[in-house]
Amino acid sequence: MRPAATLGRVGFLLLATLGGPHFSKTVSAQATQSDPAAVKAMRNVIGQSGGADAWKRIRSAEESFSVLGKDDKTPHVIRLLDDWSSNTTRYRRGLQGKTGHPMDHNGTSTFSLNTGASQVEVPEFDQARTLVPRFPAAAAEVMLRRTEYVLRISSTQICKSGDICVDVFRAHGSTLPSTPEQQWKISSTTGLPTTVRYQIETVGPHPGIVWREVYFLKYDSEDGLTIPVSIVVSLRGRREFWRFTSMKQNPGFDTSKFDREVAQ
């Protein structure tokens, strides 16, 4: 039995940050083909982030970020472990210096969440939405190699002249959702995303589908990759400022080792 997370300040941060449920009505008889221009834009994101060969070699990462929320007087450090070596979603999250059990996301379709009043089983995110806030190139690589993702040039976003706006859908058989799960804005100058917003469904006293927005303020080179190092995350008007601290490539998914590092 996996440990349940407690929905509070920390629990909400972890749920809203990198996991959570999503439900969407589907519309039949829609084509499930991606737009060539949208595919090209995503391939360019990978190319400008270190290249396709580099990202194909990476299937897991461990990172730490300094995070400052709206009501925080001092930043806290969050550690993140991701594994995208299979088609299931596996990740681990923990606050540096905390000895409690991190939320367990080990490839199952749901995870346990304690809302305070009851424990609920929450449907897991797909792999791309788990990666996109910190590794947009890894998310793009996942979406390009997996057939359920459909990329379309957006007809609904306000897109600056010359930039490319891409909507991301996930097909269920021969149908597509009526709305995209992700919306990307990609700079025509750098080829890198400036903003990605994606749907999550919150739990607790006011459940519902909301858009979480990630603003990539600065990119930098790290071990041959170009990754976001200064990020603003916005959810329901609350903003958090994320600053990159460290990264390990391909550490695998050793959760016991990760938990020991988090507790230090």
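Colleague: Two strands pair if DSSP finds at least two bridges between them. With that settled, how many residues lie between β4 and β5 in their hairpin?

Modeller: There are six residues between β4 and β5 in that hairpin. Strands here are DSSP runs of E with at least two residues, helices are runs of H or I with at least four, and both are numbered from the N terminus. Please note that this is a predicted model, in which local features need pLDDT of at least 70 and side-chain atom pairs count only at pLDDT 80 or more, whereas totals for chains, interfaces and linings use all residues. Residues are numbered from 1 along each chain as its sequence is written, and side-chain values use heavy atoms, with hydrogens and water left out.

Colleague: Understood. How many bridges join β4 to β5, and in which sense do they run?

Modeller: Six bridges join β4 to β5 (residues 90–95), and the two strands run antiparallel. Leucine 81 has arginine 92 of β5 as its bridge partner, and arginine 79 stands opposite glycine 94 in β5.

Colleague: What about β3 and β4: how many bridges there?

Modeller: β3 and β4 pair over eight bridges, again in the antiparallel sense.

Colleague: How many residues of β4 are buried?

Modeller: Seven of the eight residues of β4 (residues 76–83) are buried, so this strand is largely enclosed by the rest of the structure. Buried means under 20% relative accessible area, exposed means over 50%, and partly exposed is in between, with a 1.4 Å probe and protein chains only. For β5, five of its six residues are buried, so β5 is also largely enclosed by the rest of the structure.

Colleague: Turning to helices, how many residues of α5 are buried?

Modeller: In α5 (residues 136–145), eight of the 10 residues are buried, so this helix is largely enclosed by the rest of the structure. Among them are Pro136, Ala137, Glu141 and Met143.

Colleague: A change of topic: how many aromatic pairs does the structure hold?

Modeller: It holds six aromatic pairs. Rings of Phe, Tyr and Trp (its six-membered ring) pair if their centres lie within 6.5 Å; planes under 30 degrees apart count as stacked, over 60 as edge-to-face, and the rest as tilted. In one of the pairs, phenylalanine 65 and phenylalanine 244 have ring centres 5.8 Å apart and planes at 80°, so the pair is edge-to-face.

Colleague: Which strands hold phenylalanine 65 and phenylalanine 244?

Modeller: Phenylalanine 65 lies in β3 (residues 60–69) and phenylalanine 244 in β16 (residues 238–249), so the pair ties together parts that are 179 residues apart in sequence. Phenylalanine 65 is buried at a relative accessible area of 1%, and phenylalanine 244 is buried at 19%.

Colleague: Stacked or tilted: what is the pair of phenylalanine 216 and tyrosine 219?

Modeller: That pair is tilted, at 6.0 Å centre to centre with 45° between the planes. Phenylalanine 216 is buried, with a relative accessible area of 7%. Elsewhere, ring pairs link Trp55, Trp84 and Phe135 into a cluster.

Colleague: Which arginine lies over the face of phenylalanine 125?

Modeller: Arginine 129 lies there, 4.3 Å from the ring centre. A charge sits over a ring if NZ of Lys or CZ of Arg is within 6 Å of the ring centre and within 35 degrees of the ring normal. Arginine 197 lies over the face of tryptophan 211, at 4.1 Å from the ring centre.

Colleague: Which cysteines does the disulfide join?

Modeller: The structure holds one disulfide, a term that requires a pair of cysteine sulfur atoms within 2.5 Å. Cysteine 159 is joined to cysteine 165, with 2.2 Å from S to S. The torsion about this S-S bond is about 100°, so the disulfide is right-handed.

Colleague: Buried or partly exposed: how does cysteine 159 count?

Modeller: Cysteine 159 counts as partly exposed at 31% relative accessibility, whereas cysteine 165 counts as buried at 5%.

Colleague: Finally, how many helices and strands does the protein have?

Modeller: The protein has six helices and 16 strands. Of its 264 residues, 50% count as buried.
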